[in-house]
Amino acid sequence: MNIVEFRNVSIDYKMKRYDLRAVNQVDFDLQKGKITALVGESGSGKTTFATALINCISAPGEIAFGSILYYGKDKAKPIDVTKLSEKELNMFRWSKVSMVFQGAQSSLNPVMKTFDQFYETLQVHRQGKITLEEAKTISTSCLEYVNLDATRILGSYPHELSGGMKQRAMIAFSLLLDPEIVILDEPTTALDVINQDYVFSILKRINAERNITMLLLTHDIAVVSKYADFVGVMYGGSMMEYGDTLNVFKYKYHPYTEGLINATPSLLKNLDAMRPIEGSPPNLLEPIQGCVFYPRCHKRLPICELHEPATYPNPSGGSCKCWLFENKVKS
Amino acid sequence: MKILELKDISMDFIAKSQLLEGEKYYHVLRDINLDIHQGEIVVIVGESGCGKTTIGKIITGLLKPTKGEMLFLGRNIYKGSIFSKKKFDVSEFSDLHVKLNPREHKAYLKAKIKEKRTEISERISDFENSVQFVQQDSYASLNPARTIYQSLYAPIKNKNRKWNRLTIDNKINDLMALVGLLPAEQFLSKYPHQLSGGQRQRILLARAISLDPKLVVADEPVSMIDVSLRLSILDLMKRLNEKLNLSFVYITHDLSTARYIGYKGRICVMYLGEIMELGSVVDVISSPQHPYTQALLSSVPVPDPVVSRKPKPELIKSMDMGDLMVRTIGCPFYPRCPYAKRDCAEDRVPFVSRENALVRCKQLDEVPSWNEIS
Ligand SMILES: Nc1ncnc2c1ncn2[C@@H]1O[C@H](COP(=O)(O)OP(=O)(O)OP(=O)(O)O)[C@@H](O)[C@H]1O
Ligand SMILES: Nc1ncnc2c1ncn2[C@@H]1O[C@H](COP(=O)(O)OP(=O)(O)OP(=O)(O)O)[C@@H](O)[C@H]1O
Ligand code: SF4
Ligand SMILES: [Mg+2]
Ligand SMILES: [Mg+2]
């Protein structure tokens, strides 16, 4: 069951002389209770796309068109997030969808003790109707949930905590208002593998026990393979492929997905099977006529240079934005 | 041939905090012994904070260790105060010439000092040119107000005062071809922010090899680069290693890239400032002996869902890396190790030789083989 449906969403950064289209006509679903990953390299549009869900795109970004439908717990009719007023949005954010921002380790206020930050957020969202005791209880249970020593953490300043502890504290913070969806933007990028593995084991548990839907943004395809149920592959603002993680890795349908998987060093793969994708990432400031991946694609067709492909279904129930799939599956 | 030898190197930093009474130290490195041979790739891996960058800085002369010796081509570079060009001990040659009268003696000493000074400063610049550092953040290590050409020109001119412009330009063009940035003119007139991360990292490598070094220390050179371009930077380093017989020290926390670049080299696994396991990359990655190496390897995600989702045993007891201020004599991994026994913490753990690797662990007979675990 879908909890969120993005339909034909485009997002522009309005600059003085031109608009930069950071997200280009994307359809995307989040299935309730699952971990869905968005994978793509730097600048592919992951953060821009995900922040649209809480209508919190950094200035001067704007949703150019499209709709984002949220199917709440009890409502038969979805809410279109793009149509919410500022006041409605404030209630929607954090209590329905919360986000652990990229580089979250440095987004903790350096001069505030952890508890004061937790307390402040709770007060704002409960409109002051929360006692110190209640706030302590809630904060403690969230921190203990991510295996942190709550008493110690609540009394600490950010610099007194290690990177892994800060990251877990931020995850606890995102759970404060008991949201249905948590967006995790590169939650483990600054961590080493042991801490990364540990943070993900906690996230997996939260996902399973609380049935929280997760949207995980990462550039690391190995992380996706291990932890995500579904995955969307982004490149230059487009959703190149979407599907069940096992199938995406098994069939490597889209040429970019294939390139990305082959370019990722692995402990097991044959060394000769690893190779970089030639060329460099697209410059979104220059006009792109055909497929964004055309200049680097080793399977390209003449049509790819001139016309942008649509999103077509692929044989295992996913989809690919690529001309090669035009007539692959009869609908 | 050994290019560099680290002998019992330790590094302590003073802890600056009003809350602490008396002088306290962070013991960041302890008794590091490591040789680097000509044409070799040595990988240093370990968790964040284990001291990888600190070793890199010591190897390149940016930090002087608190204890231990470092030999560059067999010569001790901290002896004769190589890093303080002015002061050194005159006693070592004064007593040989007691028969000279005072004036002659003074003149002799002066000449001797001058000679020694030249020798030392040659040794310094030889070392400084021969060992280069490439840092993680390519953006921070290039001057944003200078074009790429200017950034490359200055160090070459500095080293080769007599070269004219044309010779240097030729050298720069050769370097650009070597690191795969062609046509060179297209990049040379640009400023750092006009290049992609991968291109900047290539420029840093070009600058590092422009002084014909023998050893390049690369600290996380690809961790900030797009996945699709990472392998091409690693390939470039492999090519420079083979073509110029250049030694590399590759510092990373990413074992997958370590395996890729160092498949012919050696790997040094560090934990809390100490070496835990040292062996060939192939051996250590395919059959790790030390409990820490095993824990590290088992947490690396593999980009294949069928393999990476298999359940794995718990190879680590706690998430707290030890305190750098409180060091016991025993194994630093002791509090987190599932095989630990009392004596691990009580005495110094020696290296033992196992399966072609040097391993520091007292309970090796208890540790299951990698085949049984993975
Ligand atoms: N505030 C902004 N103003 C102008 N352009 C922006 C802004 N934020 C992002 N962009 C541009 O939009 C594009 C998508 O950026 P975005 O941050 O969404 O990518 P990302 O996939 O999250 O990348 P990363 O992995 O580096 O976080 C990029 O070309 C970026 O330069
Ligand atoms: N100048 C300094 N003063 C005090 N402590 C320092 C100093 N430089 C480094 N340290 C400490 O030494 C330890 C090792 O640091 P180092 O930068 O070598 O780690 P690293 O292995 O490179 O980690 P990372 O993977 O995070 O880069 C850390 O705990 C760090 O805080
Ligand atoms: S549309 Fe063409 S260029 Fe684009 S990915 Fe598919 S085959 Fe390659
Ligand atoms: Mg981002
Ligand atoms: Mg470092």
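1. Basis of the note. The model is predicted: local features need pLDDT of at least 70, side-chain atom pairs count only at pLDDT 80 or more, and totals for chains, interfaces and linings use all residues. Residues are numbered from 1 along each chain as its sequence is written, chains are lettered from A and ligands numbered from 1 in the order in which they are written, and side-chain values use heavy atoms, with hydrogens and water left out.

2. The shell of ligand 2. The residues around ligand 2 include B:F13, B:V28, B:E47 and B:L324, where a residue is near a molecule if one of its heavy atoms lies within 4 Å of it. Helix α1 of chain B (residues 52-59) gives the largest share of this shell, three residues; a helix is a DSSP run of H or I of at least four residues, numbered from the N terminus. By class, the shell has four nonpolar, five polar and two charged residues. Here Ala, Val, Leu, Ile, Met, Phe, Trp, Tyr, Cys and Pro count as nonpolar, Asp, Glu, Lys and Arg as charged, and the others, Gly among them, as polar.

3. Atoms that meet ligand 2. Oxygen atoms of ligand 2 lie 2.8 Å from a polar backbone atom of B:G49, 3.0 Å from a backbone N or O atom of B:G51 and 2.6 Å from a polar side-chain atom of B:T53. Taken alone, ligand 2 exposes 640 Å², of which the protein buries 61% (Shrake-Rupley method, 1.4 Å probe).

4. Ligand 3. Around ligand 3 there are 13 residues, the closest being A:C291, A:C297, A:C304, A:C322 and A:W323. This shell consists of ten nonpolar, one polar and two charged residues.

5. Residue B:Q289. B:Q289 is placed in the loop between α10 (281-286) and α11 (291-298) of chain B. B:Q289 counts as buried because its relative accessibility is 15%, and buried means under 20% relative accessible area (1.4 Å probe, protein chains only). Its side chain reaches the backbone oxygen of B:S287 at 3.0 Å.

6. Cysteines. Zero disulfides are found over all chains, a disulfide being a pair of cysteine sulfur atoms within 2.5 Å. For B:C344, the nearest cysteine sulfur is that of B:C361, 6.4 Å away. The sulfur of B:C361 has its closest cysteine sulfur in B:C337, at 6.0 Å, which is too far for a bond. Both B:C344, at 6%, and B:C361, at 13%, are buried.

Technical notes
Helix = DSSP H or I, 4+ residues; strand = E, 2+ residues; numbered from the N terminus. Buried < 20%, exposed > 50% of the residue type's maximum accessible area, 1.4 Å probe, protein only. Polar contact = N/O pair within 3.5 Å; in protein donor to acceptor, adjacent residues only side chain to side chain.
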